Amino acid sequence: MPIPRLECIYGDAGCDYLYSKCVFLKPLCWTEALFSLRDSITALTGYKFRIVIGNQYRSG
């Protein structure tokens with residue numbers, strides 16, 4: 001079945017993500033911009049995120 005969105009995942013090594021028992025995403029290394037954003041969010045919340053998933057819907 002076609003997925004209605006394009007997906008990407010960035011994160012720590014070993015933080016693979018599986019959903020719907022059929023879609024497996026392996027994280028790319030953090031970019032500098034995402035690493036900086038993650039650290040800013042960590043400073044505000046006290047929680048360290050290990051991954052971020054981006055979606056771009058084909059319909060806009």
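Visitor: Which residue takes a positive phi just after H1?

Guide: Gly46 does, with a phi of about 80°. Bear in mind throughout that this is a predicted model.

Visitor: How many residues does H1 have, and how far does H1 reach?

Guide: The general idea is to set the end-to-end distance against the span expected at 1.5 Å a residue. H1 has 14 residues and reaches 20 Å from its first C-alpha to its last, close to the expected 20 Å. The helix covers residues 32-45.

Visitor: Where is Thr45, and which backbone atom lies 3.1 Å from its side chain?

Guide: Thr45 belongs to helix H1. A polar atom of the Thr45 side chain lies 3.1 Å from the backbone nitrogen of Tyr47. Thr45 itself counts as exposed because its relative accessibility is 51%, and exposed means over 50%.

Visitor: Which residues make the nonpolar surface patch?

Guide: Leu37, Ile41, Tyr47 and Phe49 make a patch of about 390 Å². Of these, Ile41 has its place in helix H1. Ile41 counts as partly exposed because its relative accessibility is 32%.

Visitor: How should I read a salt bridge, and how many does the structure hold?

Guide: Side chains of opposite charge can pair when their charged atoms come close. A search of the whole structure finds 5 salt bridges. One of them joins Glu7 and Arg5, at 3.1 Å from N to O. Glu7 is partly exposed, at 24% relative accessibility.

Visitor: Where is Arg5, and what does Arg5 touch?

Guide: Arg5 is in strand E1, residues 5-11. Not counting residues up to four places away in sequence, Arg5 touches Tyr19, Asn55, Gln56, Tyr57 and Arg58. With Tyr19 there is also a polar contact of 3.5 Å between the side chains. The side chains of Arg5 and Glu7 make a polar contact as well, at 3.1 Å.

Visitor: Is Asp12 buried or exposed, and where is Asp12 found?

Guide: Asp12 is found in the loop between E1 and strand E2 (17-19). Asp12 counts as buried because its relative accessible area is 17%, and the cut-off for buried is under 20%.

Visitor: What does the side chain of Asp12 meet?

Guide: There is a polar contact of 2.8 Å with the side chain of Trp30, and another of 3.4 Å with the side chain of Arg38. Leaving aside neighbours within four places in sequence, Asp12 is in contact with Pro27, Trp30, Arg38 and Arg50.

Visitor: Which parts does the salt bridge between Asp12 and Arg50 tie together?

Guide: In this salt bridge the closest N and O atoms are 3.8 Å apart. Asp12 lies in the loop between E1 and E2, and Arg50 in the loop between H1 and strand E4 (51-57), so the pair ties together parts that are 38 residues apart in sequence. Arg50 is partly exposed, with a relative accessible area of 48%.

Visitor: Which residue forms a salt bridge with Arg38, and what network results from shared partners?

Guide: Asp39 does, with the closest N and O atoms 3.4 Å apart. Arg38 is buried, with a relative accessible area of 7%, whereas Asp39 is partly exposed at 35%. Salt bridges that share partners join Asp12, Arg38, Asp39 and Arg50 into one network.

Notes. Residues numbered from 1 in each chain as written. Predicted model: local features only at pLDDT ≥ 70, side-chain atom pairs only at ≥ 80, totals over all residues. Heavy atoms only, no water. Patch = residues over 30% accessible without salt bridge, like charges linked within 9 Å, V, L, I, M, F, W, Y side chains within 5 Å. Areas by Shrake-Rupley, 256 points an atom, 1.4 Å probe, with all protein chains shown as cover. Salt bridge = Lys/Arg side-chain N within 4 Å of Asp/Glu carboxyl O. Helix = DSSP H or I, 4+ residues; strand = E, 2+ residues; numbered from the N terminus. Buried < 20%, exposed > 50% of the residue type's maximum accessible area, 1.4 Å probe, protein only. Polar contact = N/O pair within 3.5 Å; in protein donor to acceptor, adjacent residues only side chain to side chain. Contact = heavy atoms within 4.5 Å. Expected span 1.5 Å × (residues − 1).
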